[in-house]
Structure formats: structure tokens, C-alpha cells
Amino acid sequence: MLQLTPQRAKPRKRYRLAKKNCIKENMNSNQSKYTKDFLERSHKGCFCNKQEILQGELCGCFFCCETSLPTEITEWIVERDNLGETAICPKCTMDSLLSSKYPITDETFLKQMHEYNF
Ligand SMILES: [Zn+2]
């Protein structure tokens, strides 16, 4: 048991170094503010989102990274099997809108979503 102590100490040091490098990268690119998992979950919000978007005050598009008012949306895609309706961005006509349930007012979020999905 006692022998484990010096062996453990080494990887810990390495881990600390790796973490330092990570922080440096984040400061340069802002790439990892949101986790992959969060981005994946957020992506589901751009499908059949009519009700959700109309309930909010603002919606954000992760294709053009612009925010719009739900009242600006004029086009909705009716999904097959009556699943619901999907909002079309009034600025770029992509179906990449998210409701205000997501951090759409954070430019980093929209940019990270854009890079993750396109
Ligand atoms: Zn757009």
C-alpha cells in the first residue's frame, strides 16, 4: 500500500500541466465554453420548436449567429407524421433556430454550435 504513494504523485503532476494548457487554449479561441454534450442536447432544440420559440421573447440562429424575434419568423417546416413545426431563420433561411431556453444571447454559444454542427 505504501508503495502506491510515490507512483500516484507523478500522474497528478502531469494532469496539472495538461489542465494549464487547456486553459490557455480556451482563452485564445473560446472554443470549449460549452461541452460537446450540451451542444448535442441543444441541437435537438432546432427541430419541431414552434411552440417553444413562440413562448420565448427571442430566438437565436446558430447558422448565421443572429438573434431574431419570434414574430419575425414567417416560415415553418411542417415535419412528417405530424411531429410538429420547425422554425426557419428569417435572416438566413436555415432551420437552425433555438428558443430562448438556450443561451442564445451568448455569441460564444451560437458560434460554438455553428462550429460543432457545420
Ligand atoms: Zn440564421
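This is a predicted model: local features need pLDDT of at least 70, side-chain atom pairs count only at pLDDT 80 or more; totals for chains, interfaces and linings use all residues.
Colleague: How many helices and strands does the protein chain have?
Modeller: The protein chain has four helices and five strands. Those are DSSP runs numbered from the N terminus, with helices being H or I of at least four residues and strands E of at least two. The order from the N terminus is α-α-α-β-β-β-β-β-α.

Colleague: And what share of the residues is buried?
Modeller: Buried residues are 19% of the 118 in the protein chain. Buried means 20 or more other C-beta atoms within 10 Å of the residue's own, exposed means 12 or fewer, and partly exposed is in between, with C-beta atoms placed from the backbone.

Colleague: OK, the core. Which residues touch the most other members of the largest nonpolar core?
Modeller: C59, F62, L97, L98, I104 and L110, out of 14 residues in that core. A nonpolar core here is a set of buried Ala, Val, Leu, Ile, Met, Phe, Trp, Tyr and Cys residues joined through C-beta atoms within 7 Å.

Colleague: Which elements each supply at least two residues of this core?
Modeller: β1 (59-61), β5 (97-98) and α4 (107-117) do. The largest share, three residues, comes from α4.

Colleague: What does I104 touch?
Modeller: Leaving out residues up to four places away in sequence, I104 touches L58, C59, G60, T67, L98, F109 and L110. A contact is two C-beta atoms, placed from the backbone, within 7 Å.

Colleague: Switching to the sheet: what is the strand order?
Modeller: It's an open sheet of three strands, β2-β1-β5, with antiparallel pairing. Strands pair if DSSP finds at least two bridges between them. β2 (67-68) and β5 are the edge strands, each pairing on one side only.

Colleague: Over how many bridges do β1 and β5 pair?
Modeller: Two bridges, in the antiparallel sense. L97 in β5 is the bridge partner of C61.

Colleague: Now the helices. At what angle do α2 and α4 cross?
Modeller: The axes of α2 (residues 36-43) and α4 cross at roughly 85° and come within 10 Å. The axes are lines fitted to C-alpha atoms over the stretch in contact, with angles from 0 to 180 degrees between N-to-C directions. The two helices are therefore roughly perpendicular to each other, a label that covers 65 to 115 degrees.

Colleague: Which residues meet there?
Modeller: L39, S42 and H43 in α2 meet Q112, M113, Y116 and N117 in α4. By class, that contact has three nonpolar, four polar and no charged residues.

Colleague: What about T35, exposed or buried?
Modeller: T35 is exposed, with 10 other C-beta atoms within 10 Å. T35 sits in the loop between α1 (4-29) and α2. Its C-alpha is 9.5 Å from that of Q112, 77 residues apart along the chain.

Colleague: Last one: what is phi for C48 and D81?
Modeller: Phi is near 50° for C48, a positive value in a residue other than glycine. D81 also has a positive phi, near 60°. Most residues other than glycine have a negative phi.

Colleague: Where are they?
Modeller: C48 is in the loop between α2 and α3 (50-55), and D81 is in the loop between β3 (76-78) and β4 (85-87). C48 is partly exposed, with 18 other C-beta atoms within 10 Å, while D81 is exposed, with 5.

Technical notes
Residues are numbered from 1 along each chain as its sequence is written. Angles under 35 degrees count as roughly parallel, over 145 as roughly antiparallel, 65 to 115 as roughly perpendicular and the rest as oblique. Ala, Val, Leu, Ile, Met, Phe, Trp, Tyr, Cys and Pro count as nonpolar, Asp, Glu, Lys and Arg as charged, and the others, Gly among them, as polar.
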